[in-house]
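I would ask you to take a moment with the sequence and the structure before we discuss them.

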Amino acid sequence: MFLDNRQVAMDSVLEALADSIDYFQDNLERLRPSLRDSLKPHYEARGRSMRELQELAREHLSMLPRDADVERDDYMWLWSRLKSFVGNESQVVIGELLEQERVLMQALSNLMTHPLPDALEPKVEECWKGCRALIRELYALQKSRPRRR
């Protein structure tokens, strides 16, 4: 089945949401406990938003769920681990999380250029605001980093 442009845009948002949640969960142990505690509520809210968006997309855009790109996940994990050898591990993860947010913001921006069903619009805007809040939090955590010895 071919997707129209709006469905492709929604699929990109759902994929970016899933990738960001997966990346955070896969790298929890690499974050200092204080960072983990600061970020966890954002990702829990993101998981709820993603499930709601998936349901709305299924209902209003006739979209079926799909799996994440496992090869990309493996590549991102390996690249991040390599960067950790030369930098502070928590800071490397924060940088990667910021990159995930950039990808999500681009996908959301693209989706917002298409006409959306009334039921979807508020959830997409909520996602946008959540993404902006997480970006602010990540930059604040990045600035408050402890110095490496």
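In which helix is Ser-20 found? Ser-20 lies in helix 1, which covers residues 5-26. Please bear in mind throughout that this is a predicted model.

Let us stay with this serine. Is Ser-20 buried or exposed? Its relative accessibility is 0%, and because buried means under 20%, Ser-20 counts as buried. Setting aside the neighbours within four places in sequence, Ser-20 is in contact with Tyr-43, Arg-46, Gln-100 and Glu-101. With one of these, Arg-46, there is a polar contact from side chain to side chain, at 3.0 Å.

I now turn to helix 2, which spans residues 33-61. How does helix 2 pack with helix 4? Helix 4 comprises residues 89-111; the angle between the two is about 20 degrees, and their axes are 13 Å apart. Helix 2 is therefore roughly parallel to helix 4, and the crossing is left-handed. On the side of helix 2, the contact is made by Leu-35, Leu-39, Tyr-43 and Arg-46. On the side of helix 4, the residues are Ser-90, Ile-94, Leu-97, Glu-101 and Leu-104. Sorted by class, this contact has six nonpolar, one polar and two charged residues.

What is the angle between helix 2 and helix 5? Helix 5 covers residues 121-143, and the two helices pack at about 165 degrees with axes 10 Å apart. Helix 2 is thus roughly antiparallel to helix 5. Here, too, the crossing is left-handed. Among the residues of helix 2 that make this contact are Leu-35, Leu-39, Tyr-43 and Arg-46, together with Ser-49 and Leu-56. Helix 5 contributes residues including Val-124, Cys-127, Gly-130, Cys-131, Leu-134 and Leu-141. By class, the contact of helix 2 with helix 5 has 12 nonpolar, four polar and five charged residues.

Finally, I would draw your attention to a loop. Where is Ser-62 found? Ser-62 sits in the loop between helix 2 and helix 3, the latter being residues 70-84. Its phi is near 55 degrees, a positive value in a residue other than glycine. Most residues other than glycine have a negative phi. With 52% relative accessibility, Ser-62 counts as exposed, whereas Ser-20 counts as buried.

Thank you for your attention.

Key:
Residues are numbered from 1 along each chain as its sequence is written. This is a predicted model: local features need pLDDT of at least 70, side-chain atom pairs count only at pLDDT 80 or more; totals for chains, interfaces and linings use all residues. Side-chain values use heavy atoms; hydrogens and water are left out. Axes are lines fitted to C-alpha atoms, for helices over the stretch in contact, and angles run from 0 to 180 degrees between N-to-C directions. Helices (H or I, at least four residues) and strands (E, at least two) are DSSP runs, numbered from the N terminus. Angles under 35 degrees count as roughly parallel, over 145 as roughly antiparallel, 65 to 115 as roughly perpendicular and the rest as oblique. A crossing is left-handed if the near helix is turned anticlockwise from the far one by less than a right angle, and right-handed if clockwise. Contact means heavy atoms within 4.5 Å. Ala, Val, Leu, Ile, Met, Phe, Trp, Tyr, Cys and Pro count as nonpolar, Asp, Glu, Lys and Arg as charged, and the others, Gly among them, as polar. Buried means under 20% relative accessible area, exposed over 50%, partly exposed in between (1.4 Å probe, protein chains only). A polar contact is a pair of N or O atoms within 3.5 Å; within protein, one must be able to donate a hydrogen and the other to accept it, and residues adjacent in sequence count only if both atoms are side-chain atoms.
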